[in-house]
Amino acid sequence: MAERTTDEELRALESKYCSWGDTVHRAKTPKIFRDAKGMSLYDTKGTEYLDLQMWYSTANFGYKNKRLNDALKKQIDDLPQLACLYLHEEKIKLAAKISQDIEKKFGVKGRVHFNVGGAQAVEDAIKVVRNHTGKIPMFAFMGGYHGRTLAATAITSSYRYRERYGHFSDRAHFVPYPYRFRCPAGKKESCCDSSCLEPFERLFDCEYYSVLNTKNNNCEYGAFFAEPVQGTGGCIIPPRDYFKRLKKTLDKHNVLFVADEVKMGFYRTGKLWSIEHFEVVPDIIIFGKSLTNGLNPLSGIWAKEELISPDVFPPGMAHSTFSSNPLGTAAGLAVMELIEESDFETSVPQKGAYFLKKLQALQKKYPYIGDVDGLGLALRIEMCQKDGITPNSALTDLIADIGLSGELESGGQKRGLVMDVGGYYKNVFTVAPSLYITEQEIDLCIMLFEEALQKALKKT
């Protein structure tokens, strides 16, 4: 057996031959992991790192989930490859399960179109919108993240993602998101009456506000792309009535509503789709990531029948060589069958409430924790200066680095903690553990986080 390449040798090779255009080099010394199981990652020394981000909420059902891995292995032996020009059983059944579930929940018929990644699915949704409405401009939220292909970047609010790629003539009109801790309407956190929506609603009052011809009710914008719960923006949870009010305005002016569920789909929030919490019916749902538990790239969109039926969206309108690939659809079908046989709608909210209660207790002890919140197992920890409000990205990064050191000792042995940093000011830990996390594991994560926080405060 060939001798294992050391971490140092791998880093030397990587520094010469790998593009640094991805996000790996946000860390000074990128971490190398060798194994994974459940909600844990393991480095070369065998040190366990509890993962509180699960590959950006991609491995919702745990690393090395035997049932899902076995489904993929079986497909490799049965039908591992097939051009998308042809049909296979797993694609058809997976599309049917997703469509039937949505019809049962929302009372509307629709169809599924597959692709290979979240951004590609966003692109397909844009194509469906443009094809149906004939319109290029879109609405989207400040703080929203929809991917880094060019079209997805155009509806992602951060200019940093567009800066190097020239002028984006189709850039979206960005609307403030209902961010209660940092209210865009300037009100106190305890007062969230959706006031931030009023400026958007007023855009439709007069033709000179630029979005609507009031004489014929023709809006220039085709759709509103929204993460019902913002992920990369800091796991921000809106008021429960916000989207009902927004959807009323959109429906009045024939603007489609697109729910981007790439990060929050598949029971991250305690529902298959996070939009289910808000009592509105989307026109299009975008999904990906945990559809296959990260085993094989597969994403897709569901759209209402009138938007995607064959007579209006005919063959060849959107395509990728690897879309609806058999390995991905087999894993996706296994995920949907696993969901049907589980009770995540009960267990995820219970675990999320337990986790949030523990975080709230930490918040009372440390004024540097400005805000904690959660919906199911989508949780947020916003780090601040001692005043509890001013963003503190330096402390956030330091805590993350200490977690990745593998030198935390809470629980009686050396461990690490893997956390994802997001938020408008890069000062929020977006917490997305395995849906199978136990209360004992939650307790251990809290201890490890507190230890990392204490160590970081001593260094500042």
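Select strand S4, residues 110-115: 5 of its 6 residues are buried, so the strand is largely enclosed by the rest of the structure. Buried means under 20% relative accessible area, exposed over 50%, and partly exposed in between (1.4 Å probe, protein chains only). Helices (H or I, at least four residues) and strands (E, at least two) are DSSP runs, numbered from the N terminus.

This is a predicted model, where local features need pLDDT of at least 70, side-chain atom pairs count only at pLDDT 80 or more, and totals for chains, interfaces and linings use all residues. Residues are numbered from 1 along each chain as its sequence is written, and side-chain values use heavy atoms, leaving out hydrogens and water.

S4 and S12 run antiparallel, joined by 6 bridges. Pick Arg-111: its bridge partner in S12 is Ala-303.

Next, helix H5, residues 118-133. Its 16 residues should span 22 Å at 1.5 Å a residue, and the end C-alpha atoms are 22 Å apart, which agrees. The expected span is 1.5 Å times one less than the number of residues. Colour the buried residues of H5, among them Ala-119, Val-122, Asp-124 and Ile-126. Just after H5, stop at Gly-134, with a positive phi of about 75°.

Go to Leu-250 in helix H8, residues 242-252. At 0% relative accessibility, Leu-250 counts as buried. Beyond four places in sequence, Leu-250 touches Phe-200, Phe-224, Val-255, Leu-256 and Phe-257; contact means heavy atoms within 4.5 Å.

Finish at Thr-47, in the loop between strand S2 (40-43) and strand S3 (48-51). Thr-47 counts as buried, at 14% relative accessibility. Its contacts beyond four places in sequence include Leu-41, Lys-414 and Arg-415.

Methods: Two strands pair if DSSP finds at least two bridges between them.
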